[in-house]
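Let's take a walk through this protein together, from the whole chain down to a few single residues. Please keep the viewer open as you read.

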Amino acid sequence: MKNIGILTSGGDSPGMNYIINGVLNAAFIYKFNIFGIFNGYKGLYENKIIQIKNYKLLNLNNNGGTFLGSSRFKKFKNENIICKSINNLKKKKINSIIIIGGNGTYIGSKYLIKKKISCINLPGTIDNDILYTDYSIGYFTALNTIVESIDNIRDTAYSHECIFIIEVMGRNCGKLTIAAAIAGKCEFFIIPEIKFNINNLINEIKLKILNGLKNAIIIITENIYNIQKFSKYIKKKIKKQIKTVILGYIQRGGKPVVYDRILGYSMGTYAIKLIYKGYKNICIGIKNNKLINYNII
Ligand code: F6P
């Protein structure tokens with residue numbers, strides 16, 4: 001019987017629970033023991049490792065978030081912390097871990113690989129900023145929530161003839177922003193990947209107002225501007241009400257959309273199949289609608 005650990009780390013994302021369910025179901029078939037490592041790398045260090053025997057967990061599967069819990073644990077690079085974490089794994093005879101999270105989480109796996117623990121990384125983040133995968137788990141749910149929020153905000157923008165600036169998550173990646181801009185028919189978007197000039201934006205807004213624009217939505221990725229200051233600046237130049245909304249954690253939670261559920265579940269089962277076949281130290285992704293794996297770089 002092989003013992004496999006599983007953890008979720010970094011920002012939770014809707015669909016993570018489906019990955020876990022996929023893993024549990026496939027592990028049952030291949031007769032692997034699955035150990036839940038609670039609260040990410042922090043829980044690994046604190047030895048919060050419990051064998052999941054009770055498949056009742058499966059009943060919780062349409063929630064967002066992660067029922068394994070998560071954390072950001074920046075200290076997970078310190079040699080003593082890594083060694084203690086490895087010891088905790090050894091005590092339970094675990095030598096493979098399924099790791100679900102974003103870029104920061106993937107970095108953590110490199111420290112474990114150096115200590116001969118095999119890691120299988122799965123993309124769980126709303127940001128969709130992971131290399132070599134077209135989509136990460138949680139992205140489409142977050143996108144859906146953002147677009148619904150834009151639709152709601154549009155009602156007020158229309159009724160009061162004003163301009164809204166909406167800030168969305170994504171860390172340093174504009175994929176959520178640009179997709180939401182298209183789906184929500186935002187008049188303007190600002191993303192980290194495209195150099196932006198505020199005066200050009202103001203001129204464009206003025207021109208559109210001259211051509212009949214009455215309300216508008218400017219969508220912007222977080223970490224580019226302080227949007228309160230940004231709105232004050234625009235307000236000085238344009239005689240229109242400007243309102244700001246930071247969507248925040250509303251966009252990270254919620255029941256996963258069907259795509260995140262199915263993709264999450266499929267990736268989870270795929271991870272177990274690959275472990276069964278002897279694969280080690282890989283990341284899983286989806287490319288052109290096919291599940292893929294590639295070596296952790
Ligand atoms: O990585 C997911 C994410 O929600 C990013 O979009 C955002 O920048 C970050 O996490 C926020 O993290 P925290 O909740 O730790 O502040």
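Two residues are in contact here when heavy atoms of theirs lie within 4.5 Å. With that in mind, Gly268 touches Ile19, Gly22, Val23 and Leu122, leaving aside residues up to four places away in sequence. Please remember that this is a predicted model.

**The whole chain**

The protein chain has nine helices and 11 strands. Its C-alpha atoms fill a box of roughly 70 × 35 × 30 Å along the principal axes. Of the 297 residues in the protein chain, 52% are buried. Among the contacts with a separation of 6 or more, 74% link residues 24 or more positions apart.

Now find β5, which covers residues 118-123. Is this strand largely enclosed or open? Six of its six residues are buried, so the rest of the structure largely encloses β5. Ser118, Ile120 and Leu122 point one way from the strand, while Cys119, Asn121 and Pro123 point the other way; all of them are buried.

Which strands does β5 pair with? One partner is β4 (residues 96-101), which runs parallel to β5 over six bridges. Within this pairing, Ile100 has Leu122 of β5 as its bridge partner. To get from β4 to β5, the chain passes through helix α4 (residues 103-114), and this β-α-β crossover is right-handed. Another partner is β10 (residues 282-287), also paired in the parallel sense, over two bridges. There, Asn121 stands opposite Cys283 of β10.

Gly268 and Ile100 themselves are 168 residues apart in sequence, yet their C-alpha atoms are 9.7 Å apart in space.

Ser85 sits in another helix, α3 (residues 79-91). The relative accessible area of Ser85 is also 0%, which makes this serine buried. What does Ser85 touch, not counting residues up to four places away in sequence? The answer is Leu44, Tyr45 and Phe76.

Most residues other than glycine have a negative phi. Against that background, Lys93 and Lys185 are worth a click. The phi of Lys93 is near 55°, a positive value, and that of Lys185 is near 50°, likewise positive. Where are they? Lys93 has its place in the loop between α3 and β4, and Lys185 is found in the loop between α6 (175-183) and β7 (188-190). Lys93 counts as exposed, because its relative accessibility is 66% and the cut-off is over 50%. Lys185, at 66%, is exposed as well.

Here are the two side by side:

| Residue | Phi | Relative accessibility |
|---|---|---|
| Lys93 | near 55° | 66% |
| Lys185 | near 50° | 66% |

Methods. Residues numbered from 1 in each chain as written. Predicted model: local features only at pLDDT ≥ 70, side-chain atom pairs only at ≥ 80, totals over all residues. Heavy atoms only, no water. Buried < 20%, exposed > 50% of the residue type's maximum accessible area, 1.4 Å probe, protein only. Helix = DSSP H or I, 4+ residues; strand = E, 2+ residues; numbered from the N terminus. Pairing = 2+ DSSP bridges. Right-handed = clockwise from strand over helix to strand, strands pointing away.
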